[in-house]
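Visitor: Please take me through one part of this molecule in detail. I would like to look closely at the nonpolar core and the helix packing around it.

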Amino acid sequence: MRGKYQFLDLIEEVLKAEKRDMSLPEIWEYAEGNGLDKKLESVGKTPVNTMNSCIRRNIANGRNVRFVQTSAHPAKYNLKK
């Protein structure tokens, strides 16, 4: 990881630990339960929405893509192999 711990780092850490497809609310629940949210500089009022924006931008970017969407309803994600 470079620089500050960000939402993409949190998502990646949770998915590495859990080794399964997860929805963003599941990822956030795991992060809070394990104190990973404390690593973030700022959380805001809607962290799941922020994670949604970050992960969708990462996937759409096409460069340094870290995640894949594995299902649509509910949206679940995992690490790109």
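Guide: What follows starts with the whole chain, moves into the core, and ends in the loops. Keep in mind that this is a predicted model.

First, the setting. The chain has three helices and two strands. From the N terminus on, the order is α-α-α-β-β. The radius of gyration is 12 Å, close to the 12 Å that the globule rule gives for 81 residues, so the chain is as compact as a globular protein of that length. Its C-alpha atoms fill a box of roughly 25 × 25 × 25 Å along the principal axes. Of the 81 residues, 35% count as buried. Take the contacts with a separation of 6 or more: 47% of them join residues 24 or more positions apart.

Now the core. In soluble globular proteins, nonpolar side chains tend to be buried together. Here the largest nonpolar core has 20 residues. Leu10, Ile11, Ile27 and Met51 have the most contacts inside it. At least two core residues come from each of helix H1 (7–18), helix H2 (24–33), helix H3 (47–61) and strand S2 (75–79). H1 gives the largest share, six residues.

Look at Met51. Setting aside neighbours within four places in sequence, Met51 is in contact with Phe7, Leu10 and Ile11, and also with Leu24, Ile27 and Trp28.

Next, see how H1 and H2 pack. Their axes come within 10 Å and cross at roughly 85°. That makes H1 roughly perpendicular to H2. On the H1 side, the contact is made by Phe7, Leu10, Ile11, Val14, Leu15, Ala17 and Glu18. H2 brings Leu24, Ile27, Trp28, Tyr30 and Ala31. By class, this contact has 11 nonpolar residues, one charged and no polar.

Finally, follow the chain out into the loops. Lys19 lies in the loop between H1 and H2. Its phi is positive, about 55°, although Lys19 is not a glycine. Lys19 is exposed, with a relative accessible area of 71%. Asn64 lies in the loop between H3 and S1. Asn64 also has a positive phi, near 50°, and is a residue other than glycine. At 70% relative accessibility, Asn64 counts as exposed.

One more loop remains. Pro74 is found between strand S1 (67–72) and S2. The peptide bond from His73 to Pro74 is cis, with omega near 0°.

Note on methods: Residues numbered from 1 in each chain as written. Predicted model: local features only at pLDDT ≥ 70, side-chain atom pairs only at ≥ 80, totals over all residues. Heavy atoms only, no water. Core = buried A, V, L, I, M, F, W, Y, C linked by side-chain atoms within 4.5 Å. Buried < 20%, exposed > 50% of the residue type's maximum accessible area, 1.4 Å probe, protein only. Helix = DSSP H or I, 4+ residues; strand = E, 2+ residues; numbered from the N terminus. Contact = heavy atoms within 4.5 Å. Axes fitted to C-alpha atoms, helices over the stretch in contact; angles between N-to-C directions. Parallel < 35°, antiparallel > 145°, perpendicular 65-115°, else oblique. Nonpolar A, V, L, I, M, F, W, Y, C, P; charged D, E, K, R; others polar. Rg over C-alpha atoms; globule rule 2.2 N^0.38 Å.
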